[in-house]
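Hi everyone, thanks for coming. I'd like to walk you through one structure today, a few spots at a time. Have a look at it first.

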Amino acid sequence: MINMHVESRTMLKWALVLVLIGVAVFMGHLIHSRMRAQEVRAGGPIPYTVILRETLYYPNGTSTVAGEYTQAVRSDGSFVWRYAEIGGHALRERGIQFASGVEVTIDEIGNTKSTQMIRTNLARMQRDPSSKCVNSFAGEPFMSPPEVFSGEETVAGYRTVKLAQGVATGWYAVDCGCAMVKSRHDWGGGSVTEKNLVALIPGEPDAALFDVPATAKEVPPSERILGSAKKRIRPGPDAEERLRRLAEQLRVYDEYYYKHRPKQ
């Protein structure tokens, strides 16, 4: 039973690592793949900061508080996400998408960053409350494939819409810029990841969230992510093979990075 518990924890941790890798490139890659010239509709960014605490639930009924996730939106359309993991060799990453089109992802522990230029349409950058948060202000589904509206619920005192897509379900505060106040990923077999609200702060976010450290070393995504993974991966006979497979998966992100570096 102990071995099964350890294995389930390890599998869930690696699932989380893959999710974090996806988060690091998600918004920019999604916007790039769907971008085309289009007139911006009425509506605009609604500034806020939201902080959620992430908990991992295991098949044997135990749970672990894994870290905190922060997302903030400025009135100029710039946004930032930050994930701060709890525990040994903790991960602290922050991704900033500036309204100018510059995207920076920062490993706060390793003091490295990856910078690329992405053509942006600000109308696509935030959910439109009038669409029950399913669409962006550009009038198209915020996610692809589109999420399914599953009703309204009150979460932590906020009126929310419940949206589902695959194993993921999110609850969005429709009166607060569609800020996500809860999420749940059901991986199957009793393994679940949940984020629950710590604080939702309306208005312009703390400017420090958008600061890019002048001392951070510029590196491609693979170097940034592998540097963190080498500290966090569990020692064992297959550790090198797991790192090799991870490096192979990251090649596509490096190719995108080198094609979209800002002009010096």
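Okay, let's begin with strands β4 and β5. β4 covers residues 92-97, and five bridges join it to β5, with the two strands running antiparallel. A quick word on terms: helices (H or I, at least four residues) and strands (E, at least two) are DSSP runs numbered from the N terminus, and two strands pair if DSSP finds at least two bridges between them. Before I go on, this is a predicted model: local features need pLDDT of at least 70, side-chain atom pairs count only at pLDDT 80 or more, and totals for chains, interfaces and linings use all residues. Residues are numbered from 1 along each chain as its sequence is written, and side-chain values use heavy atoms, with hydrogens and water left out.

Back to our strands. Gln97 stands opposite Glu103 in β5. β4 and β5 make a hairpin with four residues between them, and in that turn Gly101 has a positive phi of about 105°.

On to β5 and β6. They pair in the antiparallel sense too, over six bridges, and Val102 has Met117 in β6 as its bridge partner. This hairpin also has four residues between the strands, and here Asn111 takes a positive phi near 55°.

So is β5 enclosed or open? Five of the six residues of β5 (residues 102-107) are buried, so the strand is largely enclosed by the rest of the structure. Buried means under 20% relative accessible area, exposed means over 50%, and partly exposed is in between, using a 1.4 Å probe and protein chains only.

Next, the cysteines. A disulfide is a covalent bond between the sulfur atoms of two cysteines. The rule used here is a pair of cysteine sulfur atoms within 2.5 Å, and by that rule the count comes to one. Which cysteines does it join? They are Cys133 and Cys178, with 2.0 Å from S to S. The pair links distant parts of the chain, 45 residues apart: Cys133 is in the loop between β6 (112-117) and β7 (148-155), and Cys178 is in the loop between β9 (168-173) and β10 (179-188). The torsion about their S-S bond is about -85°, so this disulfide is left-handed. Cys133 counts as buried because its relative accessibility is 0%, and Cys178 is buried as well, at 3%.

What about Cys176? Its sulfur is 9.6 Å from the closest cysteine sulfur, the one in Cys178, and that's too far for a bond. At 23% relative accessibility, Cys176 counts as partly exposed.

Now some rings. Rings of Phe, Tyr and Trp (its six-membered ring) pair if their centres lie within 6.5 Å; planes under 30 degrees apart are stacked, over 60 edge-to-face, and the rest tilted. The structure holds one aromatic pair. That's Tyr257 with Tyr258, edge-to-face, at 5.1 Å centre to centre and 70° between the planes. Tyr257 is buried at 3% relative accessibility, whereas Tyr258 is exposed at 55%.

Last stop: charges over rings. We say a charge sits over a ring if NZ of Lys or CZ of Arg is within 6 Å of the ring centre and within 35 degrees of the ring normal. The charged end of Arg127 sits over the ring of Tyr172, 4.1 Å from its centre. Lys182 has its charged end over the ring of Trp171, 4.6 Å from the centre. That's it from me, thanks!
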